[in-house]
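Trainee: I am new to this structure. Can we go through its side-chain contacts together?

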Amino acid sequence: MKGELTLEKKIMLGNEAIARGAYEAGVKVSAAYPGTPSTEVSENLVKYNEIYAEWSPNEKVAMEVAVGASIAGVRSMVAMKHVGVNVAADPLYTASYIGVGGGLVMIAADDPGLYSSQNEQDTRRVARAAAVPVLEPSDSEEARRFTKLAFELSEEYDTPVILRTTTRLSHSQGLVNLEERVEPDDKPYERNFMKNVMMPGPAKKRHIYVESRMNKMAEDACSMDINKVSYDDTSIGVISSGIPYQYVKEALPHASVLKLGLVNPLPKKLIEKFASKVDKLYIIEELEPVIEEQVKSWGIEATGKEILTIQGEYSANMLRKAILGEECEAEEPAEVPNRPPILCPGCPHRSVFSVLKKLKIHASGDIGCYTLGAVAPLNVIDTTLCMGASISMLHGMEKAKGKDFIKNWVAVIGDSTFLHTGVNSLMNMVYNKATGTVVILDNSTTGMTGHQDHAATGKTLMGETTYIIDIYKLCKAMGIEHVYEIDAFDIDELERVLKEETQRDAISVIITKSPCALLKSYVPKGKCVVDDEKCRRCGACLVPGCPAIKKNSEGRIVIDDTMCNGCSLCMKKCPFDAISLEKAGV
Amino acid sequence: MTTKNIMIVGVGGQGTLLTSRILGGLAVHAGYDVKLSEVHGMAQRGGSVVTYVRYGEKVSEPIVEEGQADVLIAFEKLEAKRYAHFLKKDGVIIVNDQRIDPITVVTGADKYPENIIEELSAKYKVYSIDAMAKAKEIGNTKTFNVVVLGMAARHMNYTEEDWLTVIENTVPPKTIEINKKAFEAGYRI
């Protein structure tokens, strides 16, 4: 990194800084599937005209796009959340053998504390298993710098490199020094059978290389300046990395610290030396004891998860308490009602769920905003596992208990999730003679992650108009005879079709269509209003659980006009015609 | 200067992300080191959300912890109560006098607490405002969060000019004038 010139300082989200680092490193191709907390990496990368960036249908595809671009000879990147790494694991494990042409970096965003995820897995575990190096920044400036470094290391050691971030880093803003973009020359493409064709012969040889690469890197890591030792009070020594390092700085400002920038492979000799100079060694890492287990396996005495947790996020107060025995001075938290997330006013999912609830139908659920259909007041979804699983799990239930068992079941899956991995599961249902009913909640976007386009929206990440994959025709092309497209708010028709299709001894797909109410293109039809004279206060309108409508302290039904999106679901539920739609602009 | 700790709390969708961008911009404008921590993703769908803002000479930790906040800006009063214990002893609360029932209250599983502002006033310096009404007067209810910021501005060490410049640089161009008006409405109270 020679000749760096700081242009200016800017405040940036961790993910925005990662995108900046990739830009400065001369990245040319980027692919990703949205997933909190990784999404903003791609959303910021696409702002740089020099970079081709796409939303791929899933993380496996995205990873393979990046591997292809790397072999072709340019720097390429792929970004995903931690559970996306599982989807991309197949190409990742073998890309580790192939190595790279142009530098190849995977951004993996873990979610300690499960702000928006189904588990709390630690990507470092995957990286160790796949023998891939991992860099871990601890603020926005390091996010930029380490991303650049990741590309250099990738090329120097002929390996994909993972840059691991966590929610707290990805979604924190801090000051970043901007530097110029330096675009390395494209490498010429060369056919290289022994390196790029992973069949047994070449792979056996590459496996030997992978091992030697990681050993060499572990050796070199002892003198890398991103693995930084600072000696102060040697009675306490701490090994830490990433965001937890900031808590160490805050809680133990005088401790001696070994801050690791490269967390896989570990610099064994550096750690041994550091450990020998401090009286008591602590290892402070969120989630799994990945560093701790290795250090202890070398016969070094250290304290970590004995006094800290593998769950959730850390904080400076937590360290003060665990290490120094200091309690923080603060009031007790007040006892207040929880405020869990809910479907928005005007959300089409609520309409579909209200019909399923009425018909007492169980739903095998999936990953998206509509997972909120599992909680009160809807309580429709019984299971949630991972992307695409709704369809395959419904199929498994049928094979376990027979077709009559699933006559009051459906699978529910969003449009983006269907195209991610649901489509394979549906293929399986057709092939293996399933009779289940699949409801595709098509809101024309990837909603939960903040409205990203996908293969059925007609727009690319770069904002270009493109082909629209027609989900109806796709289902038909698989040979499914009974496929329906219904307006998500046409609850009478939806009820009729659901009753019919769940009883049918054949597979059927119901695509409920209505755009997400948060889309910029969404225009509310107006606002719903209650006629107090007609209202009998029966509460039928409250059953779907829209946050814009409630019973006030006098028992009257009121609609908050600042929240209502005019979807009219409450109006349709009212048996006394007491709710009407005041059209917009009237 | 010792590090100043600000928290913005509210309900997902109330615009906490815009206000955190304004506060971040202010710290940069004034030449401070700054860190902000936000919530994206699922909680933004009507859940309880919190943004931490820390600025000063050098900031390490990106979050504010219990007993550390100088100012708590609450866009909804139940959320003010939920996070009040994050305040220092002499901390200040700026609270929008608005009630949004959480789903737990709507379904009858829980009760919305009474007299929140009165109770908080017994322990902290509390400034409350019906920002939604103010924003309606101005002509755009969506600007209520900037009205609240205007009131909070009195308790932070930036000038009125700093605020207006940063608002101008942060909000979408078409909404600059209305947002400046909203800020003034809160600031002049």
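Predicted model: local features only at pLDDT ≥ 70, side-chain atom pairs only at ≥ 80, totals over all residues.

Trainee: How many aromatic pairs does a search of the whole structure find?

Mentor: The search covers all chains. The number of aromatic pairs is 11.

Trainee: Are the rings of Tyr23(A) and Tyr48(A) stacked or edge-to-face?

Mentor: Their centres lie 4.1 Å apart, and their planes meet at 15°. Planes under 30 degrees apart count as stacked. So the pair is stacked.

Trainee: How many residues separate Tyr23(A) and Tyr48(A)?

Mentor: Tyr23(A) is in helix α1 of chain A. Tyr48(A) is in the loop between α2 and β3. The pair links distant parts of the chain, and the separation is 25 residues.

Trainee: Is Tyr48(A) buried or exposed?

Mentor: Its relative accessibility is 16%. Buried means under 20%. Tyr48(A) therefore counts as buried.

Trainee: Which helix of chain B holds Phe183(B), the partner of Trp163(B)?

Mentor: Trp163(B) and Phe183(B) are stacked, 5.3 Å centre to centre with 25° between the planes. Trp163(B) sits in helix α7 of chain B. Phe183(B), 20 residues away, sits in helix α8.

Trainee: Which residue has Arg154(B) over the face of its ring?

Mentor: Look to the cluster linked by ring pairs, which includes Tyr158(B), Trp163(B) and Tyr187(B). Arg154(B) lies at 4.2 Å from the ring centre of one of these residues. That residue is Tyr187(B).

Trainee: How far apart in sequence are the parts that Glu285(A) and Arg124(A) tie together?

Mentor: These two form a salt bridge, with the closest N and O atoms 2.8 Å apart. Glu285(A) lies in the loop between β13 and α13 of chain A, and Arg124(A) in helix α6. So the bridge ties together parts separated in sequence by 161 residues.

Trainee: Asp505(A) forms a salt bridge with Lys403(A). What is the relative accessible area of Lys403(A)?

Mentor: The closest N and O atoms of this bridge are 3.5 Å apart. Asp505(A) counts as partly exposed, at 46%. Lys403(A) is partly exposed too. Its relative accessible area is 38%.

Trainee: Is Arg188(B) buried or exposed?

Mentor: Arg188(B) meets Glu184(B) in a salt bridge of 2.9 Å, N to O. The relative accessible area of Arg188(B) is 52%. Exposed means over 50%. Arg188(B) is therefore exposed.

How values were computed
Residues numbered from 1 in each chain as written. Chains lettered and ligands numbered in written order. Heavy atoms only, no water. Phe/Tyr/Trp six-rings, centres within 6.5 Å; stacked < 30°, edge-to-face > 60°. Helix = DSSP H or I, 4+ residues; strand = E, 2+ residues; numbered from the N terminus. Buried < 20%, exposed > 50% of the residue type's maximum accessible area, 1.4 Å probe, protein only. Lys NZ or Arg CZ within 6 Å of the ring centre and 35° of its normal. Salt bridge = Lys/Arg side-chain N within 4 Å of Asp/Glu carboxyl O.
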